[in-house]
Amino acid sequence: MNGPKIYFTIPLFGGIPITQTTVSSFAVMLLLCIAGIVLGSNLQKRPGRRQVLVEKGVTMLYGMVEDTMGKHNSYWTPYIGALFLSSIFGSYIGMTGIFRSSTADLSTTVTWALMTSVICWACSIKANGVLGWLKGFTEPVVVMTPMNLVSEIAQPISMAFRHFGNIAGGNVLTSLVYSALATASAALLGLVGKSIAIGILILLGGVALLVLGVRKKKLAYKIFGAVFAATGILSLLGLAGVPYLEVGIPGIMSLYFDVFSGGVQALVFSLLTMVYVSNACPPPEEG
């Protein structure tokens, strides 16, 4: 798996490369802007189904932010919502086959993580002043200053690499499985296609397994029967180049690596952002 391709370069400031990640990020931003305009327009006092669902989602988001960060930090809800939606749709957009997942590029997650760190520093400076913020690096004792600095540096690095590693790792593993199944399909069809008798036997065995699976309602029999039947038919037709084994298995993996993992990483990144920002913005009585 290669990195994002560069489509073209804008001849400004020494050259600004427009990569797949840039296009995907702008596509996600455009999609979210359009969704915000459509879902936020024509609001009624007696809401319809669409408005009820939108209001429920916004209420849940505000509730999650207030439970995690406190009610005094509820004004961070739009930022957390935008971060979560950008993350989850940035991962899901790779499933279209047209765009590349923007979260599979380290530059995306590093930017988000640095934004969180800058927000935390700005909130600390606003609450305690510059001297009070710098004083935090020397507590509890002056000797701990290097450790405090390492902690500040490690925070955005760990956030960025956690999100990027899970999404990019899933893409790499899925690509390897696709390649392995294509090779296995060609090797199996090439081996079976050398003998017409073997192809007929495999086809009949597949049909028998399918019939048995239907009668006994066994999913395993149906799956193996379909594989054997497809192998026999394709070998008899001489279609050795059809990667038929790619059907099904990559789809199941995609449910985990693309759908489940993408949603979990978006939620984890948003929760970590809320925790770090809330630590930098304590309630007024604790300030």
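A contact here means heavy atoms within 4.5 Å. With that settled, I checked the contacts in this predicted model. Counting pairs of residues at least 6 apart in sequence, I get 67% of contacts joining residues at least 24 apart.

**Overall layout.** I looked up the secondary structure next and got 8 helices and 2 strands. Reading from the N terminus, the order is β-β-α-α-α-α-α-α-α-α.

**Surface and burial.** The chain has 287 residues, and 31% of them count as buried. I noted an accessible surface of about 17,500 Å² for the chain, with 72% of that belonging to carbon and sulfur atoms.

Then I went looking at Leu39. Leucine 39 sits in helix H1, which covers residues 20-40. Buried or exposed, or something in between, for leucine 39? Leucine 39 goes down as partly exposed because its relative accessibility is 35%, and that class lies between the cut-offs of 20% and 50%. I also found Leu39 in a nonpolar surface patch, together with Leu30, Ile34 and Val38. The patch comes to about 340 Å².

**Helix H3.** My last stop was H3, residues 77-92. How far does H3 reach from its first C-alpha to its last? I get 22 Å for its 16 residues, close to the 22 Å expected at 1.5 Å a residue. For burial in H3, I listed Thr77, Tyr79, Ile80, Gly81, Leu83, Ser86, Ser87, Ile88, Gly90 and Ser91. Each of those has under 20% relative accessible area, so I wrote them down as buried.

Methods:
Residues are numbered from 1 along each chain as its sequence is written. This is a predicted model: local features need pLDDT of at least 70, side-chain atom pairs count only at pLDDT 80 or more; totals for chains, interfaces and linings use all residues. Side-chain values use heavy atoms; hydrogens and water are left out. Patches are made of residues with over 30% relative accessible area and no salt bridge: like charges are joined within 9 Å, nonpolar side chains (Val, Leu, Ile, Met, Phe, Trp, Tyr) within 5 Å. Accessible areas come from the Shrake-Rupley method with a 1.4 Å probe; for residues, only the protein chains shown count as cover. A salt bridge is a side-chain nitrogen of Lys or Arg within 4 Å of a carboxyl oxygen of Asp or Glu. Helices (H or I, at least four residues) and strands (E, at least two) are DSSP runs, numbered from the N terminus. Buried means under 20% relative accessible area, exposed over 50%, partly exposed in between (1.4 Å probe, protein chains only). The expected span of a helix is 1.5 Å times one less than its number of residues.
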